[in-house]
Amino acid sequence: MQRRPLVARHPSILIFLALLALFTLGVTLLSEAYGTGYLSTSFVKTLGKTLCLCLVAVAMDLVWGYAGILSLGHFAFFGLGGYMIGMWLMYERTRDIVAGSMAEAAIPPTEQEIVDAIGTQIFGVVGASEFPAIWAFADSLLLQLVLVVAVPGLLALVFGWLAFRSRVTGVYLSILTQAMTLALALYLFQNDSGLRGNNGLSGLQNIPGLTDVPQSHVSMWFLWASAAALALGYVLSAWIVSGKFGSVLRGIRDNEARVRFLGYPVEQYKLMIFTVTAMIAGIAGALYYPQAGIINPAEIAPIASIYLAVWVAIGGRGRLYGAVIGAAFVSLVSSWFTGGQAPDVNLGFYTISWVDWWLILLGLSFVAVTIFAPRGIGGLVDLIADARRPDRHGADLGPDQGALREKEADR
Amino acid sequence: MLRVLFASLAFLCLALTAPARAQDEGSIQPILQEQSELIQESSRRTIQPAIDAIAASGLSQAQTVLETWQAKDMWLRLTDGQYFRAERINRETYRLFDLDTGEDLGEFPADDLDQIKPNSGIRGLIAVALVQFQLSDPDPENRRAALQSLERDPNEDALAPLRNSIEGETDPDLLAKKQRLERLLTMAYDRDPEARIAAIEEMSEDTGVDVRATLNPILSTRLRVFNGAPPDSLNIARTLTPGSDALPRAEAYEMLVSAGDAPSRLGPDAIKDTLAQNITDGEVAGIQVHNLNTQETRRTAYDRLVADGIAPPVPTEAEVDATLAQYIFAEVYDEPNAAVTTAAQAALDSIATRVAVGQAVDLTLDALSLASIYFLAAIGLAITFGVMGVINMAHGEFIMMGAYTGYVVQQFVPGPTASILVAIPLAFAVTFGAGVAMERLVIRFLYNRPLETLLATFGISIALQQLAKNIFGTQARPLTSPDWLDGAWVLNDVVSISYIRIAIFALALIFLALFLYIMNRTRLGLETRAVTQNRRMAASMGINPDRVNMLTFGLGSGIAGIAGVAIGLWAKVTSELGQDYIVQSFMTVVVGGVGNIWGTLLGATMIGFLQKGIEWFNPSNTLAAQTYMIIFIIIFIQFRPRGIIALRGRAAGD
Amino acid sequence: MKDLKSTLCAAALLGATAAPAMAQDCPIKVGVLHSLSGTMAISETTLKDTMLMLIDDQNAAGGLLGCELEAVVVDPASDWPLFAEKARELLTVQDVDVIFGNWTSVSRKSVLPVIEELNGLLFYPVQYEGEESSKNVFYTGAAPNQQAIPATDYFLEELGVEKFALLGTDYVYPRTTNNILESYLMDKGIAEEDIFVNYTPFGHSDWSKIVADVVALGADGKKVGVISTINGDANIGFYKELAAAGISADDIPVVAFSVGEEELSGLDTSNLVGHLAAWNYFQSADTEANADFIAKWKERMGEERVTNDPMEAHYIGFNMWVNAVEDAGTTDVDAVRDAMYGQEFPNLTGGTAVMLPNHHLAKPVLIGEIQENGQFDIISQTEEVPGDAWTDYLPESAVLKSDWQELGCGMYNTETETCVQIKSNY
């Protein structure tokens with residue numbers, strides 16, 4: 001049978017890409033750098049970061065919504081990507097400063113002296129001066145860019161191979177991935193890890209070689225890059241889930257044993273999707289942290305990965321645009337509430353200050369979504385779609401109720 | 001000038017007012033006046049003469065004056081520079097007492113008074129001076145204080161008075177202390193080497209820190225260099241060869257350089273400095289400055305400077321070796337008597353073995369204690385997760401609620417003991433209620449969707465945590481333990497464990513027994529097991545599964561609440577208390593094997609011992625211990641995915 | 001067909017845009033950048049309240065340059081990247097004239113690039129590890145030589161400590177401080193093996209092994225002292241374990257650099273009497289200015305509230321800024337910075353604080369013993385010590401000097417006589 005092209009099978013991709021392009025264009029026209037200046041640079045940075053979060057949410061949706069693996073460790077991969085690019089940013093920026101200052105000395109410095117001085121600058125903050133072995137490639141942008149994908153991918157590959165091989169599934173896997181994140185965060189918290197411990201890598205928004213370019217421009221460039229990465233990631237994800245591979249993934253999610261009995265190498269499929277999504281998360285992180293300016297181990301604490309799952313669940317898992325909606329909606333609303341912009345509610349006897357009560361609201365709305373609206377915000381789309389198409393009233397295909405099953409299987 | 005005038009005036013007043021007795025025996029005030037500068041400077045480095053002057057005054061009130069001073073009760077009257085004992089009446093007024101007679105001198109305004117505040121270093125020196133007075137003091141508390149001071153600062157002078165005071169000692173506890181101290185002082189200070197060796201041999205089986213603290217200084221050494229064989233009069237500990245681990249080659253050579261016996265070896269920085277000083281017309285010894293960016297060219301340039309006689313030559317490696325070979329490096333004991341050092345070394349070696357055993361025991365106790373804390377935190381989870389299969393991410397917050405309940409009770413119920421007794425059942429009630437409410441409102445809708453239970457309970461967890469912050473603030477709250485839980489059970493100086501840890505251990509055992517009893521001997525346990533194994537079958541047997549689930553979940557949560565009180569007593573009460581334990585608790589249950597309380601026990605034990613074991617290998621980094629422990633668990637689960645004790649057959653599900 | 005879903009996404013992204021405010025001369029805006037939620041809220045909320053109190057007082061006294069002062073409070077939520085974001089927002093959207101804020105070093109390092117890029121002005125009120133000097137930051141807390149070094153001297157000279165246990169939480173401040181102290185102690189003739197260093201994670205609670213290790217240090221007959229840079233909650237477990245092990249301050253004294261009145265209020269101090277803390281301010285300081293300050297604070301916040309060292313730092317910093325603005329006649333950052341050098345303001349503990357050209361204060365160092373009521377008994381108070389940005393006890397920073405007034409450089413190498421860098425290292 002002749003397969004129709006991807007875009008024809010999934011018109012939502014085109015709509016998504018169009019909206020994303022429109023959004024990017026809009027922001028550009030309203031920005032300080034290239035437009036009217038209506039949007040402040042700090043808000044452009046927030047939007048750029050939100051796009052990166054959307055990308056990692058798409059990855060999370062692939063692994064959870066489509067393959068049924070509730071990974072509570074994908075923010076670890078996100079953070080690792082950030083660390084990898086951060087190492088190059090710090091090294092090169094410091095190198096510029098140090099080389100400039102040493103050039104004024106009477107005797108020109110040797111290569112080793114420059115490296116030592118960079119080490120003193122970077123690690124002086126945490127009471128050391130030696131370069132640890134993991135900084136071996138920090139002077140090469142290309143190698144560090146490879147590492148942005150390779151390190152999260154490799155970690156996911158090794159961890160996934162161990163976990164899937166011994167058939168750890170369901171909540172056990174979730175707890176295990178959470179343990180992995182915790183172990184990684186604790187490891188990075190140590191100074192011995194060589195990544196400046198609790199202090200992390202900072203000053204990442206200053207791009208080496210671009211010291212004269214104002215941040216308003218740099219932030220726009222990063223927004224474009226993030227939008228492009230999100231678009232590519234979205235299309236890639238849509239392509240993955242649309243083909244035979246995607247069908248097997250959904251099969252694994254709905255009944256792993258049955259798929260295995262049909263002769264599919266379930267573990268390899270899971271490992272594949274786990275690793276690919278880890279790489280996507282790494283790329284998202286590498287784009288996110290130069291915009292945030294600082295990365296430290298607290299970023300990959302287990303709670304961050306749980307929030308990631310929260311976004312996907314609120315947006316609606318099992319559909320890629322749901323993940324994007326969830327990540328964008330929750331993170332933007334969250335920053336609006338905690339930013340002190342939300343007006344306090346005066347009840348007469350007590351004033352609800354959202355800084356204090358926002359987390360409670362978030363927690364409870366999360367409970368409400370899981371119980372009452374398992375399809376999340378994306379479920380609203382179904383309301384419209386259902387109005388046009390008769391409901392088939394099919395039973396759930398798998399034991400795990402909730403997300404749409406039957407209709408997906410029909411496609 | 002004015003000061004002298006005031007002082008003499010004051011003397012006049014004093015002479016007029018002071019009673020006859022002080023006149024007869026002499027007043028301490030002149031001594032204080034003489035030392036006034038030192039007393040007011042109040043620094044440990046300079047205070048000794050003042051203390052000695054008072055102690056050696058021979059006045060009967062010297063002891064009380066020293067004690068008053070030590071207790072920060074001595075005050076200076078600014079107008080006349082006189083010293084008094086003062087008692088606070090309120091912020092503005094103090095009542096003064098004469099130091100000689102103790103006579104009440106009436107009330108004085110605080111503006112005119114200045115408190116003399118000896119720091120703890122000075123207080124220690126005063127205590128040393130007081131030893132001679134207090135060793136035979138009728139008050140046993142004073143004698144105890146004297147002994148304590150001697151333990152802290154043993155000194156040669158105290159040996160004779162201590163020996164004299166032993167005979168008259170009536171209190172058996174103090175007598176034992178005095179005898180022990182006498183042995184220690186003999187080891188360190190006795191003139192007769194035979195007596196010292198005897199004392200050392202006698203104490204060679206004692207693991208006390210004080211014994212080691214006495215023996216180690218006897219063995220103190222100094223590294224010395226000899227040109228030729230060292231003289232026989234020295235008590236040599238060992239000779240060292242340069243280049244060994246104990247004495248690196250560079251260090252040995254540096255010793256010779258600093259003694260002026262060898263020319264210095266210039267480091268790269270020194271070479272660079274020399275080059276920088278010799279730049280002429282943009283080049284050094286004919287080499288362009290911009291070419292000096294490698295060590296090799298710098299070395300070449302320097303060698304040319306040496307050849308020109310501008311810079312001093314640097315010894316080659318062979319020359320360094322030749323110089324080093326001329327000298328003998330040896331560690332020399334400060335103690336001249338070889339017999340004493342040999343005995344001390346032998347005693348220390350025998351103590352070291354005992355200490356090692358003691359440390360192993362102590363580590364085991366610590367590990368057991370940590371295991372019991374993990375077990376206590378995980379036991380509620382063993383019910384809700386292990387038996388019912390419900391992932392409750394808010395479990396940690398139930399622990400926190402228990403701890404806060406303990407704190408709130410302590411605000412209303414006076415007395416730590418009573419409040420703890422009230423808090424335990426109340427914490428159970430509160431978290432039982434919260435657990436039941438959560439089961440009814442949330443979890444029962446999600447029994448078939450474990451992953452979503454995880455997320456929903458996580459939502460509850462962050463809401464509860466923030467709620468606690470809103471109510472109690474983010475500051476840690478004090479939860480005071482009763483007196484009988486303060487302190488530690490001390491076996492010796494190496495092995496000890498605090499009572500609160502023992503109590504937690506006991507509580508963990510009680511809960512284990514309770515769990516076994518409820519699950520195996522009560523109707524609720526029977527019904528719980530029935531519902532877990534086959535809900536429909538159980539329901540058709542007349543069991544109400546909803547009720548059973550509710551009660552079981554409540555029970556698990558309630559136990560978490562009690563654990564919270566215990567953990568709050570042991571550590572701290574903050575809104576993030578639960579978070580610290582939630583991942584570890586899940587690991588404990590998963591590692592042990594879901595659905596089996598013995599598995600949880602084994603899991604907790606394994607994690608506790610593992611963590612302490614890793615800490616022992618890497619003592620300066622407790623974070624590493626936690627990291628490696630988690631990695632170990634991840635690997636462990638690869639080999640036993642169902643935990644240490646895996647359920648078999650039907651109960652295993654799937 | 002499925003347009004709504006994507007529309008929703010874009011709307012969510014676009015919808016929450018904030019309108020930038022117009023820059024104005026009046027009112028003068030003061031940014032307050034302290035975490036009001038998250039782990040640091042406990043310490044930082046107090047400082048936010050202090051700032052509001054100081055601003056209200058200043059307004060009651062007639063404002064500044066004929067303008068009202070307006071506090072702009074934002075919440076960076078103990079999230080380090082958020083500090084940078086909020087700082088940018090304060091400077092570009094809210095157009096504040098000065099920022100008072102930050103507690104942790106990480107958060108300061110996160111804010112530094114933004115402040116320097118936009119030429120803002122930050123007053124940082126907490127004791128910190130030094131090794132930094134930014135043109136745009138005034139450090140009103142203690143540098144290591146105003147807290148750690150005097151406390152170590154006190155240990156060496158007054159308590160006769162010969163063996164040191166440096167216990168700290170694993171983050172920048174303890175790492176750098178302990179590094180400086182190690183080097184300082186070796187200068188003072190303490191052998192390397194007599195210095196025991198240990199780091200624990202934030203919120204550490206299992207202290208028995210570490211306390212046992214510290215006790216075991218006494219085995220060679222030397223007097224042991226503990227220098228604690230343990231931060232926050234972890235102190236509770238640490239002090240509880242110390243008390244349980246029956247270690248009195250006379251046996252093994254502990255001096256803490258991060259434990260003040262506020263932290264002690266979460267503890268039963270009866271077992272800790274005699275242990276020490278070093279600060280530039282204690283609530284128990286007996287001066288009139290301090291009595292007024294405490295009374296005002298208690299009236300505003302409640303009887304049970306205590307005052308602490310960073311509050312005094314804000315008190316001094318804010319008043320110096322007010323005076324500098326009056327001297328300069330404008331809130332322009334560069335003019336105010338020039339007017340700041342040499343500003344003097346009375347300390348709450350007596351004496352006068354002076355702003356030095358290296359953006360640090362000269363302040364007295366106080367050492368206090370913990371009392372049963374959770375307050376400190378001040379047993380040692382030095383003359384004013386000038387804050388030193390670059391410590392003299394580490395070889396690589398001994399040659400560095402910060403002087404923004406004369407040299408215009410925060411990292412000036414006195415050996416090569418060159419400015420290493422104008423921006424600070426972060």
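Over the ring of which residue does the charged end of B:Arg85 sit? Select B:Arg85 together with B:Phe97, and you will find that the charged end of the arginine sits over the ring of B:Phe97, 4.4 Å from its centre; a charge sits over a ring if NZ of Lys or CZ of Arg is within 6 Å of the ring centre and within 35 degrees of the ring normal.

This is a predicted model, in which local features need pLDDT of at least 70 and side-chain atom pairs count only at pLDDT 80 or more, while totals for chains, interfaces and linings use all residues. Residues are numbered from 1 along each chain as its sequence is written, chains are lettered from A and ligands numbered from 1 in the order in which they are written, and side-chain values use heavy atoms, with hydrogens and water left out.

Stay in chain B and select B:Gln35, which is buried at a relative accessible area of 13% (buried means under 20%, exposed over 50%, partly exposed in between, with a 1.4 Å probe and protein chains only). Leaving aside neighbours within four places in sequence, B:Gln35 is in contact (heavy atoms within 4.5 Å) with B:Pro49, B:Ala50 and B:Ala53.

Now move to chain C and select C:Gln58, which also counts as buried, at 13% relative accessibility. Beyond its neighbours within four places in sequence, C:Gln58 is in contact with C:Gly63, C:Leu69, C:Phe318 and C:Val322.

From there, select C:Arg108, which lies over the face of C:Tyr124, at 4.7 Å from the ring centre. Finish with C:Phe238 and C:Tyr239, both of which are buried.
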